[in-house]
Amino acid sequence: MESLFNSPAMIKLQEFGQALGRNKFLSALQGAMMSLMSIIMVGAIFQIICAVGGPTMFNLFSSDSQTYQMLYAPYQFTMNLLSLWVVGIMAFNYARNLDVKSPVMSAIQCLSVFLLTCGALVTTEEAGTTISMTYLGAQGMFVGFFIVFVCVNIDRLCAEKNIYIHMPDIVPQAILNVVAVLVLAWLAMDVLHLITPQWIYLSALLPMGVANYLKTLDIRNSIFDYVMLIPTAAIWYPFFKTYEKQLVAQEQAAAEE
């Protein structure tokens, strides 16, 4: 048996496995799958509770009762949303492996692009407009892997090439991260549209004012978009000034030292 493990074929196989383990993308995938076990356990526990207490065994509550729906909700938000969990955890791990500045924002970006790609809107008479969960479970997992790879690498490329919307130094870092994610999400959606056979129309990707005009064919809606910049600036201005005063105080304290 020892000679088998020391054979050239097994040595090559071990080297291949070690090379796969060093791959940053596969390492992130492995970490996401390991983290997914706890989420699967939560969904499985509540599914067992519903099966034991439901009409199939002890009949403590009916399948259409409020108690059953409340106990079944954790299963819906775990097992039926596996792809969302995988995309979020994997994007965070992959961005951290690539030394991306803000892995959390990369995860939010990947989740947004995944929902825009796989979360189709469905209109029903009972519930109105809802998000289809067909590809949010295990069926959309491989699409999620692809989205994570594309989005995080676009994030890394933009960081290396300094492709961001540059703003004044007084703007808080949290707001800078949000603005950066908007640019990265736009680039990611454009890349995904080019390499996938189906084209998805997203009015949110259009410049300010254009989307509302195309929706209503009324120029007043476009003007209203720009008018709303005034109250928006008035709301955010006190926060900017507060942060500016904090920076000035820090600079004065550093100068006195």
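Author: A crossing is left-handed if the near helix is turned anticlockwise from the far one by less than a right angle, and right-handed if clockwise. Keep in mind that this is a predicted model.

Reader: Okay. Which hand is the crossing of H3 and H7?

Author: The H3 and H7 crossing is right-handed.

Reader: Which residues make that contact?

Author: H3 brings Phe25, Leu29 and Met33. H7 brings Met141, Phe145 and Phe149. By class, that is six nonpolar, no polar and no charged residues.

Reader: And at what angle do the axes of H3 and H7 cross?

Author: Roughly 135 degrees, with the axes coming within 12 Å. H3 covers residues 24-53 and H7 covers residues 141-161. Angles over 145 would count as roughly antiparallel. H3 and H7 are therefore oblique to each other.

Reader: New topic. How do H10 and H11 cross?

Author: Their axes cross at roughly 20 degrees and come within 5 Å. Angles under 35 degrees count as roughly parallel, so H10 is roughly parallel to H11.

Reader: Which residues meet there?

Author: Asp225, Tyr226 and Val227 of H10 meet Leu229, Ile230 and Pro231 of H11. This contact has five nonpolar, no polar and one charged residues.

Reader: Now asparagine 93. Where is it found?

Author: In helix H5, residues 82-97.

Reader: Is asparagine 93 buried or exposed, and why?

Author: Buried, because its relative accessibility is 12% and the cut-off is under 20%.

Reader: What does its side chain make a polar contact with?

Author: The side chain of arginine 96, at 3.3 Å.

Reader: What does asparagine 93 touch beyond four places away in sequence?

Author: Asparagine 93 touches Ala28, Gly31 and Ala32.

Key: Residues are numbered from 1 along each chain as its sequence is written. This is a predicted model: local features need pLDDT of at least 70, side-chain atom pairs count only at pLDDT 80 or more; totals for chains, interfaces and linings use all residues. Side-chain values use heavy atoms; hydrogens and water are left out. Axes are lines fitted to C-alpha atoms, for helices over the stretch in contact, and angles run from 0 to 180 degrees between N-to-C directions. Helices (H or I, at least four residues) and strands (E, at least two) are DSSP runs, numbered from the N terminus. Angles under 35 degrees count as roughly parallel, over 145 as roughly antiparallel, 65 to 115 as roughly perpendicular and the rest as oblique. Contact means heavy atoms within 4.5 Å. Ala, Val, Leu, Ile, Met, Phe, Trp, Tyr, Cys and Pro count as nonpolar, Asp, Glu, Lys and Arg as charged, and the others, Gly among them, as polar. Buried means under 20% relative accessible area, exposed over 50%, partly exposed in between (1.4 Å probe, protein chains only). A polar contact is a pair of N or O atoms within 3.5 Å; within protein, one must be able to donate a hydrogen and the other to accept it, and residues adjacent in sequence count only if both atoms are side-chain atoms.
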